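Please load the model in the viewer and keep the sequence panel open beside it.

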Amino acid sequence: MNRQTKTKQAILDAALYLFHLKGFHATSLRDIGQKAQINPANIAYYFKNKNGLLEFCLTSYFEDYIDVLDRNIQVLDEKGPQECLMDLVREILHFQAKNFLASSFIYGETALDSNLNREILSTYYMKENYYFQVVYEKGFKEKLFRHVSFPISMLQLKGQLSAPIIHARYAREVLHIFPQESYYIEKYIEDTIHFLHGTLFNNEPVRKLALS
């Protein structure tokens with residue numbers, strides 16, 4: 001990693017930490033510079049302004065996220081839809097845990113109504129939806145998935161995948177579990193896959209399955 005890349009990464013790490021801690025609007029470029037131990041002018045040099053830095057944070061995160069999905073979709077025919085979907089669950093939850101601060105900030109940020117967030121929804125989340133739909137359609141076609149509504153099933157699964165991040169404070173302070181701990185992550189993956197077996201996976205052949 002060269003000096004320029006290290007500097008940009010230090011800025012990104014500091015920004016995500018402070019955005020998560022204080023919120024985007026309450027964080028200044030000076031705050032980020034102090035946290036990253038660099039001159040705030042470097043932030044303007046690399047990202048122009050705080051909005052440019054925010055856009056970089058979002059796109060960097062989602063590019064890496066889409067790569068996770070893409071790698072799994074590439075082996076869909078080899079693994080089959082059930083195994084592929086289980087692997088997607090595992091890798092998404094591990095990705096979120098590895099990028100916990102970024103995930104926490106981004107889940108909150110993308111819930112807001114803004115032009116940038118609408119752009120994120122219309123690009124990355126639509127691509128995510130497409131990948132999952134490909135898996136579901138193959139599962140329906142091969143009669144390995146039950147006849148369920150894809151939109152509703154997808155909404156339920158998204159809720160399962162986002163809960164450890166969205167409800168992290170509740171998990172820590174009320175349930176006394178820590179979403180970043182490896183034991184918790186593995187247990188949560190196990191329970192989420194159990195949920196798929198109970199609601200989506202079809203172990204008995206049926207006469208007709210189709211996408212709702």
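Begin by selecting residues 205-212, where pLDDT stays under 50. For this stretch the model has 20 contacts beyond four places in sequence. Where pLDDT is low, the coordinates of a prediction should not be read in detail. The model is a predicted one, and its protein chain as a whole has a mean pLDDT of 88. Of the residues in that chain, 95% reach 70 or more.

**The whole chain**

Eleven helices and zero strands are present, so that the order of elements from the N terminus reads α-α-α-α-α-α-α-α-α-α-α. The C-alpha trace spans about 65 × 35 × 35 Å along its principal axes. The chain comprises 212 residues, of which 42% count as buried. If contacts between residues at least 6 apart in sequence are considered, 73% of them join residues at least 24 apart. Colouring by charge shows 24 positive and 24 negative side chains; the centres of these two sets lie 4 Å apart.

Select Q37 next, in the loop between α2 (29-36) and α3. Its phi is near 60°, a positive value in a residue other than glycine. Is Q37 buried or exposed? Q37 is exposed, with a relative accessible area of 73%.

Move on to N39, at the start of helix α3 (residues 40-47). A side-chain oxygen of N39 comes to within 2.8 Å of the backbone nitrogen of A41.

Just after α3, select K48, which is placed in the loop between α3 and α4. Although K48 is not a glycine, it has a positive phi of about 75°. With a relative accessibility of 72%, K48 counts as exposed.

Select R71 in helix α4. R71 counts as partly exposed, at 49% relative accessibility, because the exposed class requires a value over 50%. Draw a C-alpha to C-alpha distance from R71 to L88: the two residues are 17 apart in sequence and 9.4 Å apart in space.

Then select N72, also found in helix α4 (residues 50-73). Its relative accessible area is 3%, and N72 is therefore buried, the limit for that class being under 20%. Which residues are in contact with N72 once neighbours within four places in sequence are left aside? They are C84, D87, L88 and E91. Show the side chains of N72 and E91, which are joined by a polar contact of 3.4 Å.

**Helix α9**

For the last stop, select A163 in helix α9 (residues 150-166). Leaving aside neighbours within four places in sequence, A163 is in contact with A168 and Y188. A C-alpha to C-alpha distance drawn from A163 to P179 gives 9.5 Å, for residues 16 apart in sequence.

Key: Residues numbered from 1 in each chain as written. Predicted model: local features only at pLDDT ≥ 70, side-chain atom pairs only at ≥ 80, totals over all residues. Heavy atoms only, no water. Helix = DSSP H or I, 4+ residues; strand = E, 2+ residues; numbered from the N terminus. Contact = heavy atoms within 4.5 Å. Polar contact = N/O pair within 3.5 Å; in protein donor to acceptor, adjacent residues only side chain to side chain. pLDDT = per-residue confidence, 0-100. Buried < 20%, exposed > 50% of the residue type's maximum accessible area, 1.4 Å probe, protein only. Lys, Arg positive; Asp, Glu negative; His and termini not counted. Charge placed at Lys NZ, Arg CZ, Asp CG, Glu CD.
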